[in-house]
Amino acid sequence: MTYVNPRVCLVGCAVAASVLLLTSCTSDDGKGKAKDSSPPSAPSTSATATGPSEEKITEQAQAALVDVQSGKFVASGAERVTDGVHTEIILSKGKSYKLNLVCIGSGGAQLSFTPTSTGSKATIPCDQALVQQRITGHGSVRIDVDGAKGATGVIAWQLDAV
């Protein structure tokens, strides 16, 4: 009589079931499906969609900042314009920093700081133009970039100590 370890049998069954489920989910021969009389719908372009185009735009925005590093790197990020940039960073009091921003898309966004003496409010156009601003550290600093109504795209930012 041959002894089969129950664990080996269970693992084998799980693997076989996974393969069958994966195959059935990915193969479609069109049998058994009713024809749809409506034309195929266009892909969604909502602000919450995360498709290859959004990834490509994010990469473009981040690449635009690589060449403008103007000192010691402190922090960076990229966000959808609709989500905005909302970050709080501890900066050395009295030291100078350079904030670089690029927005790729349409519309624009508003840059603001807390405390307000950190830097000036500014409008960021979503036209791939680089916006730079020198700011002063005040300990805890909040950087906010809020998209204008109807604005879309990606905002990339980078903060360097100068």
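## Arg134 and its contacts

Arg134 touches Ser96, Tyr97, Lys98 and Val162, leaving aside residues up to four places away in sequence. Contact here means heavy atoms within 4.5 Å. Tyr97 lies 37 residues from Arg134 along the chain, yet their C-alpha atoms are separated by 5.6 Å.

Arg134 sits in strand E4 (residues 122-136). Strands (E, at least two residues) are DSSP runs, numbered from the N terminus. Arg134 counts as exposed because its relative accessibility is 53%. Exposed means over 50% relative accessible area, buried under 20%, and partly exposed in between (1.4 Å probe, protein chains only).

## About the model

This is a predicted model: local features need pLDDT of at least 70, side-chain atom pairs count only at pLDDT 80 or more, and totals for chains, interfaces and linings use all residues. Residues are numbered from 1 along each chain as its sequence is written, and side-chain values use heavy atoms, with hydrogens and water left out.

## Strand E2

Side chains alternate along strand E2 (residues 85-91). Val85, Thr87, Ile89 and Leu91 point to one face and are buried.

E2 pairs with strand E5 (residues 139-147) in the antiparallel sense, over seven bridges. Pairing requires at least two DSSP bridges between the strands. Glu88 has Arg142 as its bridge partner in E5.

## The largest core

The largest nonpolar core has 24 residues, and Leu101 and Leu111 touch the most other members. Such a core is a set of buried Ala, Val, Leu, Ile, Met, Phe, Trp, Tyr and Cys residues joined through side-chain atoms within 4.5 Å. E3 gives the most to this core, with seven residues.

Key: Helix = DSSP H or I, 4+ residues; strand = E, 2+ residues; numbered from the N terminus.
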